[in-house]
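Let's take a look at how two chains meet, and then at the build of one of them. The sequence and structure come next.

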Amino acid sequence: MLSVTWLLIAVPLASALVLLLAGRRADAYGHWVGVGASAAAFVVGLIAFVQMLGLPGEERATSVHLFSWIPGAELNLDAGLLVDPLSMTFVLLITFVGTLIHVYSVAYMEHDPDRRRFFAYLNLFVAAMLLLVLADSFLLLFVGWEGVGLASYLLIGFWNQRNEYATAANKAFIANRIGDIGLIIAMGLMFSAFGAVDFATVFDAAPEATAAQLTAIGLMLLLAACGKSAQFPLQSWLGDAMAGPTPVSALIHAATMVTAGVYLIVRSAPIFNGAPDAQVVVALVGAVTLILGALIGMAKDDLKKALAASTMSQIGYMMLAAGLGPIGYAFAIFHLVTHGFFKAGMFLGAGSVMHAMNDQVNMRRFGALRGAMVVTWVTFGLGWLAILGLPPFSGFYSKDKIIEAAFVGEGWQPWVLGGAALVGAGLTAFYMSRLFFMTFHGKARWTDDQHPHESPLLMTVPMIILAVGSAFLGLILASGDRFTHWLEPVTGHVEHHEPVLPVPVLIGATLVLVIAGVVLAWLKYGRRDVAQEAPTGSLAAITARNDFFQDSVNRAALQRPGQHLTRTLVYLDATVVDGAVNKQARGWAGLGEASRRLQNGQVRSYAATMLVGLVIVALIIVVGGL
Amino acid sequence: MNPMNYVILASILFAIGSAAVLLRRNAIVAFMGVELMLNAANLSLVAFARIHDQLDGQVMAFFVMVVAAAEVVVGLAIIIAVFRARQSISLDEPAELKG
């Protein structure tokens, strides 16, 4: 069965091609083709997973050779798939959550004339993401990496007749390209250091490389991860990317693409293990992003943008864990899986709310939706409880482990990283509760034309399934450290480390902060009336509402200097380089023009010229005495 | 008689010949100027042969005569062709091939 894992990628890809080529003819049934392709990929993944479970731990990693891709003397690269517990985890998450989102989209996009095209892009995205996680070399991973970049560009800009949506798609694409440069440089560095870019060779050779080489590669991989995972300082695209249809936000921005950065870091574990400096930077980037995202989430009134900020923040947790080294890898992936469920569920819930409220996203115009949309309220509520990290819901098992792991270490590190993780938990509780209460509780602040109603079954069933996962998945995977053991063949076995503070104290502190956050949010947004217009707020609120002026900072720090630089270069090119070339050409032309006069066709002037020449030669001979 | 006188005579003849080539418009006259310059050259070659008591100059004079005869054939043909085309043998008029 493992030998047909290529079907995982081929089926959705083929479906995407068929849907795109078939055009309008497939409008009637195209969406079901898309759902079928995604479901088929899930079935293939599930069968492979069951087979893998039957093998002992050390035999679970299988390489599947596909074809000889780049044969050469120096660089010999085969296209192949690496099926191991880590990639299998991703395969199941992507195809399972992806299929649910496909089903949901059938209803959500029902009235869109381009629904078939939407499903083609979704399939393309799933295929690219599966290629990304299954690739057995950095170069093949890069193909998938670019594939999801393309698919997300197409999906974010799906409604590109609106200019701002097209701009958002461009922004996401460009921010991702900046990160991609990191991956390209990292591959170049790997080639110079190891002469190869496939996982097996690179990871085998990594322990022999110098720390400087590994640090350089690690930092470049981090840059790539920052772009894809919307981590500081490349996080500004994620909020705008909410322009796409909501199922896209659920698929790309919760369960799959933005987590690719975390996957890259964990997959490159042998490199980071030899580069402690790079690891610290990864953890710091994660910590900064988790606080930054939480602060932005606290100020947003746009339902989807608040969720996007939350995604950024939760991915920050994963990056933080991935930066902690072997003790954090498994927890990073664990949190990624549970987050994939509860955040996708909440995004679908947000889509359901928008569906009910005429695509309104301003939370200040919501309130009291609990009665009108019971299923959405319950499923969203389970996701909310999961992200809060309250036991026994999913988030508790993954986030709490990250907080504990962040407190392991020496010197300043556990206090800074652990402190950030702990504070982040409280902030998360506050902004998610704010979002939840503003949407579903309090008084109705609807505009007159809104008549909230529950969504159709095709939308609610995926939400219910994801909500069940949000509630119980953490407990199931955490019991007996099942998930950690499952990943051990990839992340390695780790001896237990004691945090600098006792574990019960940490759990207690986390819970106290979380409950404080919820209570504060209830007092401010649940019990009291919420103003329909956002108050001006303090400087801090304005700053957070504007994404910490990230766009302005980027514009001032990067865009403007870049523009000035290019303008200067264009000017220099036009005056200096072109000037020199043109002046020289004009000089030669002048010389030619002058010598043209000599060729006047007059026989006697030619004869005179000859005579003058003869006299000059004679004079030289006589006077020079030659 | 001092053979240098022949050289001086040759110089004078050469000057007259080149003046004819440079100053006269009539192609036939200019052609005669060229003949005169060739004769001047022949005269100086023979004079130098006498001065140095060697026959090389004499031999070269014969070569020049042969070349001159050939040149007359080609030159006169060109002049006739030009005259047929333009009804004129002025040297200044045909300048179509100028740069």
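Buried area here is the accessible area, with a 1.4 Å probe, that two parts lose on being put together, summed over both. Please keep in mind that this is a predicted model.

By that definition, chain A and chain B bury about 990 Å² between them, and 57% of this area lies on carbon and sulfur atoms. On the chain A side, the residues that lose the most area to chain B are Q602(A), R604(A) and L611(A), which together account for 52% of what that side buries. Ten residues of chain A and twelve residues of chain B take part in the contact.

What about polar links across the interface? Two residue pairs are in polar contact between chain A and chain B, both at pLDDT 80 or more, while the count of salt bridges is zero. Helix α25 (residues 603-624) of chain A gives the most to the side that touches chain B, with five residues.

Now for chain B itself. Its pattern along the sequence is α-α-α, with three helices and zero strands. Some overall values for this chain follow.

| Property of chain B | Value |
|---|---|
| Radius of gyration | 16 Å |
| Box filled by the C-alpha atoms, along the principal axes | roughly 50 × 25 × 25 Å |

Of the 99 residues of chain B, 27% count as buried. Among its contacts between residues at least 6 apart in sequence, 56% join residues at least 24 apart.

Key:
Residues numbered from 1 in each chain as written. Chains lettered and ligands numbered in written order. Predicted model: local features only at pLDDT ≥ 70, side-chain atom pairs only at ≥ 80, totals over all residues. Heavy atoms only, no water. Contact = heavy atoms within 4.5 Å. Salt bridge = Lys/Arg side-chain N within 4 Å of Asp/Glu carboxyl O. Polar contact = N/O pair within 3.5 Å; in protein donor to acceptor, adjacent residues only side chain to side chain. Helix = DSSP H or I, 4+ residues; strand = E, 2+ residues; numbered from the N terminus. Rg over C-alpha atoms; globule rule 2.2 N^0.38 Å. Buried < 20%, exposed > 50% of the residue type's maximum accessible area, 1.4 Å probe, protein only.
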